[in-house]
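Colleague: Before we talk, put the model up. I want each label set against its cut-off.

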Amino acid sequence: MTFPQTLASDARLIQARLDAALADKADQPVIHAMRYAVQGGKRLRGFLVLESARMLGVASETAIAAAAAVESLHAYSLIHDDLPAMDNDDLRRGLPTLHIKWDEATAILAGDALQTLAFELLADPALGSAETRIALIASLAKASGAEGMVLGQALDIAAETAATPLTLPQITALQAGKTGALIRWSAEAGAIIAHADPAPLRAYATALGLAFQIADDILDVTGDATKAGKRLQKDAEAGKATFVSLLGLDAARARAAELVAQAESHLQPYGAAATNLIAAARFAISRET
């Protein structure tokens, strides 16, 4: 299959696993909100889990719970990012955000429940031994918590009221947590399941994550809100420093391309088996959403 076909196929597998995980839950607004929140999206993080696993000889059926886990956790992060106390957005993936469709309390609880669902999924015996599952759980907790995604979000919020705009190194560090940490975990997960050295995939994903965020900053300036399914140009309105505001549009594009080349170079040990991961890196800076 081509990369777009594989991405779409993996998205269907991930959706089916998430649907199964939520199928027997109570008939309550918070459960309906959870199901709503895990619909759609690119599923790039889940794809990275499945593709890194396949590249190392692990079947998708074995790794699917980890792919669903990171997508569940990502969905929680989007719900909370959209809340009035955070980014205060009313549109996500072309649909009303949870606190708009339901209410703020339901949105908070749905996000909380999706976060815990991620770790429930990582306890699935299909992922391997207890040691493997503990490694996945511990590493995702670190990537998503106060040393990773949550730290990045906290730094981003603090930047909104900072006396001076962030510098390029500060934005790079912020985004390494907010966006990059989950992308790194996703690429490393296959190696953890396969009991392989995660270092090349970690280096690949570090470059990919930063390129992905630079592409997001570019799309915030040049993108189509209808295609993006969310409000754009928020950072400029808030006066926040971004890769585009600091580097300029052309230099930001060039930097993203450099990072993709770096990401590809880290995959050389895997040869032709890394074709889809290379395509994913290129997709990260060519996408329209």
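Modeller: Start with the elements: helices (H or I, at least four residues) and strands (E, at least two) are DSSP runs, numbered from the N terminus. The model is predicted, so local features need pLDDT of at least 70 and side-chain atom pairs pLDDT 80 or more, while totals for chains, interfaces and linings use all residues. Residues are numbered from 1 along each chain as its sequence is written, and side-chain values use heavy atoms, without hydrogens or water.

Colleague: How many helices and strands does that give?

Modeller: The protein chain has 16 helices and 2 strands.

Colleague: What stands out about the phi of Arg43?

Modeller: Arg43 is not a glycine, yet its phi is positive, about 65°. Most residues other than glycine have a negative phi. Arg43 sits in the loop between helix H2 (29-37) and helix H3 (44-55).

Colleague: Why is Arg43 called buried?

Modeller: Buried means under 20% relative accessible area, exposed over 50%, partly exposed in between (1.4 Å probe, protein chains only). Arg43 has 4%, so it is buried.

Colleague: What about Asn88: which phi does it have, and why is it called partly exposed?

Modeller: Asn88, also not a glycine, has a positive phi of about 55°. Its loop runs between helix H4 (60-82) and strand S1 (91-92). The relative accessible area of Asn88 is 45%, so it falls in the partly exposed class. Over the chain, buried residues make up 49% of the 289.

Colleague: What makes a set of residues a nonpolar core here?

Modeller: The members are buried Ala, Val, Leu, Ile, Met, Phe, Trp, Tyr and Cys residues joined through side-chain atoms within 4.5 Å. The largest such core has 46 residues, and Leu98, Leu114, Leu122, Leu136 and Trp185 touch the most other members. H4 gives the largest share, 12 residues. Helices that each supply at least two residues include helix H1 (3-22), helix H6 (104-122) and helix H7 (130-144). A second, separate core has 39 residues, among them Leu7, Phe47, Ala211 and Leu277. In soluble globular proteins, nonpolar side chains tend to be buried together.

Colleague: How do you know which residues Leu98 touches?

Modeller: Contact means heavy atoms within 4.5 Å. Not counting residues up to four places away in sequence, Leu98 touches Ala33, Tyr36, Ala37, Ile79, Asp103, Ala107 and Ala110.

Colleague: Why is Leu140 called buried?

Modeller: Leu140 has 0% relative accessibility, so it counts as buried. Leu140 lies in H7. Beyond four places in sequence, its contacts include Leu73, Phe119, Leu122 and Trp185. Leu122 is 18 residues away along the chain, and the C-alpha atoms of the pair are 9.3 Å apart.

Colleague: Are the charged residues Asp156 and Glu51 buried or exposed?

Modeller: Asp156 has a relative accessible area of 7%, so it is buried. Asp156 is in helix H8 (residues 149-159) and, leaving aside neighbours within four places, is in contact with Leu174, Lys178 and Lys240. Glu51 has 6%, so it is buried too.

Colleague: How many charged side chains are counted over the chain?

Modeller: There are 25 positive and 33 negative side chains. Lys and Arg count as positive, Asp and Glu as negative; His and the chain ends are not counted. The centres of the two sets lie 3 Å apart, with each charge placed at NZ of Lys, CZ of Arg, CG of Asp or CD of Glu.

Colleague: Last one: what makes Ala196 partly exposed?

Modeller: Ala196 has a relative accessible area of 28%, so it is partly exposed. Ala196 is in the loop between helix H10 (180-194) and helix H11 (199-222). Ala53 is 143 residues from Ala196 in sequence but 9.8 Å away in space, C-alpha to C-alpha.
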